[in-house]
Amino acid sequence: MAKRDYYEILNVGKSATDAELKKAYRTLARKYHPDVNPDDAEAEKKFKEVNEAYEVLSDNQKRQTYDAYGHDGLDPNGFASHSAGFGGFEDIFDMFFGGFSQGRSSGPRRGSDLRYDLEIDFNEAAFGVTKTIEIPYWEDCLECKGSGAKKGTSPETCSSCQGTGQVTMAQRTAFGHFQTVRPCPTCAGQGKIIKESCPACEGEGKTREIKKKDIEIPAGVDTGTRIRISGDGEPGERGGPPGDLYIFISVRPHEYFKRNDNDIYLEKDINIVQAALGAEIEVPTLHGKVQLTIPEGTQTGATFRLRGKGIKNPRSFANGDQFVQVNVVTPRNLSSHQKGLLSEFGKTCSEEQNTIPTSEKKSFFDKVRDIFG
Ligand SMILES: [Zn+2]
Ligand SMILES: [Zn+2]
């Protein structure tokens, strides 16, 4: 099924400012919030769509990618689609304040899950690392003790719903008399109205704080890996358990190593003399430099395997391999002396020596394809 345009979903223009996006998002998220539309699959779908659209467009980098390449431009590993159920921090906090559930249900409520995007280096991913991350969270405002009302005043009970946060609407139709319960539009389901907002928290009743946490990233993670930290999400309400914290890993590319699962791929230039006569060359691996034997008569594209020099699989603990593909470099800017030598050498070569049989050519490509198909 074709995905709808994110701007269209949020009903904003392509040049919408951050503030306009946020406003559109809040309005739609409230409209389609599952608490407002219980058992309505269509609304739930819309709610997810709205969250996903906002998550992309509220992130400058993702928005640029989306503007340039559309849905296809967003992470090929399906990163964006994994996160459809989550918002970023901002979204979740918006839901917290915009949510209708606060005044409605009286039972314990599990805290929201949080998502943290963490970018790490290639080597950190290969060997594991401990990272200190800063997690924003909301705490009851000290100034107003969480009420959101200016010091010396207190929130007033909403007269439209008598503080229940809900209004009942009666509807007469051909099939009979229906009553529907909706969040109170006057107080947005809060049951209370704040006449004068607390200046410290702008009436939200909560202030944003930061907590630091050390996260152990195991060896072998890759872009797309999610690490769940149980209980480090939003605190629960009314005695409910906290949500979880999810660390979404993305790995910065390496200067010359490429990675495929647990295997490492490296391209290495050799000269025509090394290729023709064979040589011992030094190649870098993640585990330090190693000697590699280049056999006599090596052609461009030949691939050598260094067993166990890849990345440790985080589940099986088996080590991947490193593959070295050689490029034979034709020398340039030769002196006249060198030209003379080569031309003498050329005269001695037979047709057969200068030709690669078709069967061998094929096998180079097959090899490469087998490794990085
Ligand atoms: Zn306050
Ligand atoms: Zn009300």
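**Figure 1. Tetrahedral site of the zinc ion (ligand 1).** Four donor atoms surround the zinc ion (ligand 1) at angles of 104 to 115 degrees, and the site is tetrahedral. For four tetrahedral donors the ideal angle is 109.5 degrees. The model shown here and in the other views is predicted. Each protein donor is a cysteine SG atom: Cys141, Cys144, Cys198 and Cys201. These atoms lie 2.3 to 2.4 Å from the zinc ion (ligand 1). Along the chain, the donors of this ion follow the spacing C-x2-C-x53-C-x2-C. Cysteine 198 has a relative accessibility of 1% and so counts as buried. Cysteine 201 is buried too, with a relative accessible area of 5%.

Figure 2. Cysteine 158 is buried, at a relative accessible area of 1%. Cysteine 184 also counts as buried, with 1% relative accessibility.

**Figure 3. Packing of helix α3 against helix α4.** Helix α3 spans residues 41–57, and helix α4 spans residues 60–69. Their axes are 6 Å apart and meet at an angle of about 100 degrees. This angle makes α3 roughly perpendicular to α4. On the α3 side, the contact involves Glu55, Val56 and Leu57. On the α4 side, it involves Lys62, Arg63 and Tyr66. Three residues of the contact of α3 with α4 are nonpolar, three are charged and none is polar.

**Figure 4. Asparagine 11, a residue with positive phi.** Most residues other than glycine have a negative phi. Asparagine 11 is not a glycine, yet its phi is positive, near 60 degrees. Asparagine 11 is placed in the loop between α1 (6–10) and α2 (18–32). With a relative accessible area of 67%, asparagine 11 is exposed.

Figure 5. Asparagine 333 has a phi of about 50 degrees, a positive value in a residue that is not a glycine. The loop that holds asparagine 333 runs between β15 (322–329) and α10 (336–348). Asparagine 333 is exposed, and its relative accessible area is 79%.

Figure 6. Helix α8 covers residues 122–127 and includes phenylalanine 127. Phenylalanine 127 counts as partly exposed, at 42% relative accessibility. Leaving aside residues up to four places away in sequence, phenylalanine 127 touches Ala219, Leu286 and His287. Valine 221 is 94 residues from phenylalanine 127 along the chain. The C-alpha atoms of phenylalanine 127 and valine 221 are separated by 8.7 Å.

**Figure 7. Glycine 320 and its contacts.** Glycine 320 is found in the loop between β14 (303–306) and β15. Its relative accessibility is 7%, so glycine 320 counts as buried. Leaving aside residues up to four places away in sequence, glycine 320 touches Asn262, Asp263, Gly308, Lys309, Gly310 and Ile311. Among these partners is lysine 309. The C-alpha atoms of glycine 320 and lysine 309 are 6.4 Å from each other, and the two residues are eleven apart along the chain.

**Figure 8. Setting of the close-ups in the whole protein.** The predicted model has eleven helices and 15 strands. The protein has 373 residues, of which 36% count as buried. Consider contacts between residues at least 6 apart in sequence: 65% of them join residues at least 24 apart.

Notes:
Residues numbered from 1 in each chain as written. Chains lettered and ligands numbered in written order. Predicted model: local features only at pLDDT ≥ 70, side-chain atom pairs only at ≥ 80, totals over all residues. Heavy atoms only, no water. Donors = N, O, S within 2.8 Å, 3.2 Å for Na, K, Ca; no water. Tetrahedral: all angles 85-135°; square planar, octahedral: opposite > 155°, others 65-115°. Buried < 20%, exposed > 50% of the residue type's maximum accessible area, 1.4 Å probe, protein only. Helix = DSSP H or I, 4+ residues; strand = E, 2+ residues; numbered from the N terminus. Axes fitted to C-alpha atoms, helices over the stretch in contact; angles between N-to-C directions. Parallel < 35°, antiparallel > 145°, perpendicular 65-115°, else oblique. Contact = heavy atoms within 4.5 Å. Nonpolar A, V, L, I, M, F, W, Y, C, P; charged D, E, K, R; others polar.
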